[in-house]
Amino acid sequence: MKKSGKIVVFVSTHPKTHALLKAAMNKSLETGLPWEAVYIETPEHYLADREARERIIRFGDLTEKMGGVFLQIPHRNVLAGIKSYINEAESTQSPITDVIVGESDKEGFLAELKTSIAEKLVKLYHGNAPIVQKVHLSQRNYSTSWFDLLRLRDIRFIDIFYAFLAVGIAYVCAETLRANLTSIEWKINNNNIVAFFLIGTVIVSLRCGLLPGLLSAILGFSTINYFYISPLHSFKIVHSAEGVGLTIFLVSAVLVSILGAYSQATRNSIQQKEKRSQALYQIYRSASNATDTRTALEILHEDLTKFFEMEVAFFMPPALNPDDIQLKYPEDINFSENDLKSLNLCWKEVRTTGLGALNHFESQWRFEPLTTLNSELGVLAIKIPQDIRLDASFGRLVSALADQVSAILERIELTKMMGESQVREEREKLRAMLLSSVSHDLKTPLASIIGSLSIYKRMRRADRLQPETADELTDTALEEAQRLDSFISNILDMTRIESGDIEFSQEWTEASSVLDAMPKRLQQALKKNKLIFNAPEKEFEVFLDKMMTEQVLQNLIDNAIKYSPTNTDVHISYGPTEQGFIYKIRDFGPGIPEDKFQSVFDKYERLKRSDSQVAGTGLGLAISKAVMLAQNGDIQISNHPEGGAEFIIIFPEYKASENERSKLA
Amino acid sequence: MSLTGAKIVAIDDTPSIRTFLRLSLEYEGAEFYDAGTAKEGLELCKTVQPDLVILDLGLPDEDGLDVLPKIKETQPGTNPPVVVLTVRKGRRTVKDIFEKGADSYLAKPFMVDDLLEIIEKNIDTCHTH
């Protein structure tokens, strides 16, 4: 029978704690047992910085999102708290079967000696329930050692040469000294030549590092022994005093070269750090302009490839399955099965895998998780050439870069989310404006109709209605009813055009025929203005939809009349031009501001203005544009140099009329 | 009817509404003046010194809500009553209308009888004050 139990993960304020949470969740999926995350809250919690405390809150949210339970348990000491929690659970119905604890990097020599809580727990429960699993929270795979600092792998031939050169110069100096001293004085000063060789070793180790320094120490030792220690021209040492002196020289030369090399290595590493932080900054700068993930990855890929001189790839989870991971950029890299094993481990357990890490499965790639405080974004993969030895600083650099890349990607994601919510908000606003605009456009004419008819009735009742007043009132009501009708038609047209319900049937049509009905249709509006037609000399045929084109012309002319001062004309000219066959409608009104040329055709433009405009405009223009585009034509707007607005509609296909000829035939 | 001699200014950008307002108010014996924009309306208030102002909120040059206090300023002593006519019906708008100093509010469309009743009431209150 399967024992009931639970998985407990003990978390701390470590920034990479979500790796622990993920490990617990995976374990829970594997075993089917519930899991909880426990934070032992010691008095130190309140001494921690705010960020760390906020992290705990965030981890709590994350745990709940991932299907776990988050608990904060106060205790004076972390280890004691963990132990008492495990022991208490033992006597309940669901004892703890698995414990997951994190183990962070140890920095420095002293920390190495201290046993971590994770290690203590492992030791404590060794062989007993619960099973304790350690999860490394950062790369512990490389620690900085003297060996790394001394950069032994960078030895160049020239450095070996310098070692020889230094010893040679010291020898020349010693010989020069000997040539200039009497033999008695030389005997007294014999031991001081050691100083020349020591100086040589200091210079070489400072300049060229440890190995050349040591080499020069040994060379110096041998040279002194051979040339200046009796018996001369032999490596034998007879006098023990001289032997002691020589040994002291060797020891001090070795120490000097180690110290010199160490200081040189420190200097180098500072320089390197500076260079790397500049590179990090550069990468951040160049990618920070990207507005979508794809572009950012492209830029990062280029920068990182250049920076490492290695192949770089980015993996991210596909949108539909956030647990999976797939190659995102570049798209054409082949990975072996072992590479993919490393990759999946990296993604699943949120830790560095691949070459140089604990589980590398013989992979040439190194996989670094891309994580931020809030989420896991993907995996950064770097293919490491075989001749490169990885050291701690490389591991750190890759981690730092991964963090940088994550920050950039997260920022883009957040910006996108904000943008989307803004668009949604804007759309909502437009919807609200459309509603208020439509209600205004419908209610204003109704107000006139109801007002006019109610005063008509009131006067009739009192039997004081004059015939002229009656006419004026009924005319007003009629006019407004027609306006209402045209507005409703416009809304319906727009809806039908947008939904594709209107089918256009274009055919060759006499150019003038679409204007024939205008004076009659616009009779009501034309009380104070006149239409002037300018026809071309010859008759043309234009390929158009007659009914819809008439609608456009009516809208445009009606619009022109609305903006025309009393007793001015509206000019309608038409004819062939380079652009196609055009109809031009010009009024003598105030014209249209140039910055509004595009927006007057926007169906929402009407909404952005106060609800006071001449009723029905705006939508009419939007409909006209839609109709013209549906006929492969266009609509343009300009201001006439002598004042007034000019609307032009253009049809691309036209020909000279064959009317007469076909009649004859 | 008791509007005889009362000076009434209407500010509304819809000509047909001005037309029936003129017909109905002149019929009741009022002196009627009208304007299509806020600017013209304010000028008119200054010169005419009306007993009552009818104001539409959606004016082409300025929002009626902003015009309201300015109308009151044109006659600091007498403080003419202002009746707001608008299609806006939102609770918030109605609250704003009264906060800005309107005396009455009527949603469009409306029956002329209702408007006349409101106008008479306002002019009466004005006189009793």
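Let's start with A:Glu368, which sits in strand E9 of chain A, residues 365-371. Keep in mind that this is a predicted model. Is A:Glu368 buried or exposed? It counts as buried, because there are 24 C-beta neighbours inside 10 Å, and the cut-off for that label is 20 or more. Setting aside residues up to four places away in sequence, A:Glu368 touches A:Thr352, A:Val379, A:Leu380, A:Val398, A:Ser399 and A:Ala402. And if you want a distance to check on screen, the C-alpha atoms of A:Glu368 and A:Ala357 are separated by 9.9 Å, with the two residues 11 apart along the chain.

Now let's zoom out to chain A. It has 20 helices and 18 strands, and of its 665 residues, 33% are buried.

Two stretches deserve a flag. Over residues 139-143 of chain A, pLDDT stays under 50, and the model has 13 contacts there beyond four places in sequence. Residues 610-617 of chain A also stay under 50, with 27 such contacts in the model.

Which residues cover which face? B:Val82, B:Val84 and B:Thr86 are on one side, B:Val83 and B:Leu85 are on the other, and all are buried.

Strand E3 of chain B, residues 52-56, runs parallel to E4(B), joined by four bridges, and B:Asp56 stands opposite B:Leu85. To get from E3(B) to E4(B), the chain passes through helix H3, residues 64-74, in a right-handed β-α-β crossover. Then E4(B) pairs with strand E5 of chain B, residues 104-107, again in the parallel sense and over four bridges. Here B:Leu85 stands opposite B:Leu106. The path from E4(B) to E5(B) goes through helix H4, residues 91-99, and this β-α-β crossover is right-handed.

Next, the cores. The largest nonpolar core has 45 residues, and B:Ile8, B:Val53 and B:Leu55 have the most contacts inside it. Helix H1 of chain B, residues 15-27, gives the largest share of this core, six residues. A second, separate core has 34 residues, including A:Ala511, A:Met548, A:Ile561 and A:Phe651. Coming back to B:Ile8, its contacts beyond four places in sequence include B:Leu25, B:Phe32, B:Leu52 and B:Ile54.

Last, how do the two chains meet? In the model, 23 residues of chain A are in contact with 20 residues of chain B. On the chain A side, the elements giving two or more residues are helix H14, 392-461, and helix H15, 467-499. H14(A) provides the largest share, 14 residues. By type, that side of chain A divides into six nonpolar, 11 polar and six charged residues.

Key: Residues are numbered from 1 along each chain as its sequence is written. Chains are lettered from A and ligands numbered from 1 in the order in which they are written. This is a predicted model: local features need pLDDT of at least 70, side-chain atom pairs count only at pLDDT 80 or more; totals for chains, interfaces and linings use all residues. A nonpolar core is a set of buried Ala, Val, Leu, Ile, Met, Phe, Trp, Tyr and Cys residues joined through C-beta atoms within 7 Å. A residue is buried if 20 or more other C-beta atoms lie within 10 Å of its own, exposed if 12 or fewer, and partly exposed in between; C-beta atoms are placed from the backbone. Two residues are in contact if their C-beta atoms, placed from the backbone, lie within 7 Å. Ala, Val, Leu, Ile, Met, Phe, Trp, Tyr, Cys and Pro count as nonpolar, Asp, Glu, Lys and Arg as charged, and the others, Gly among them, as polar. Two strands pair if DSSP finds at least two bridges between them. A crossover is right-handed if, with the strands pointing away from the viewer, the path from the first strand over the helix to the second runs clockwise. pLDDT is the predictor's confidence in each residue, from 0 to 100.
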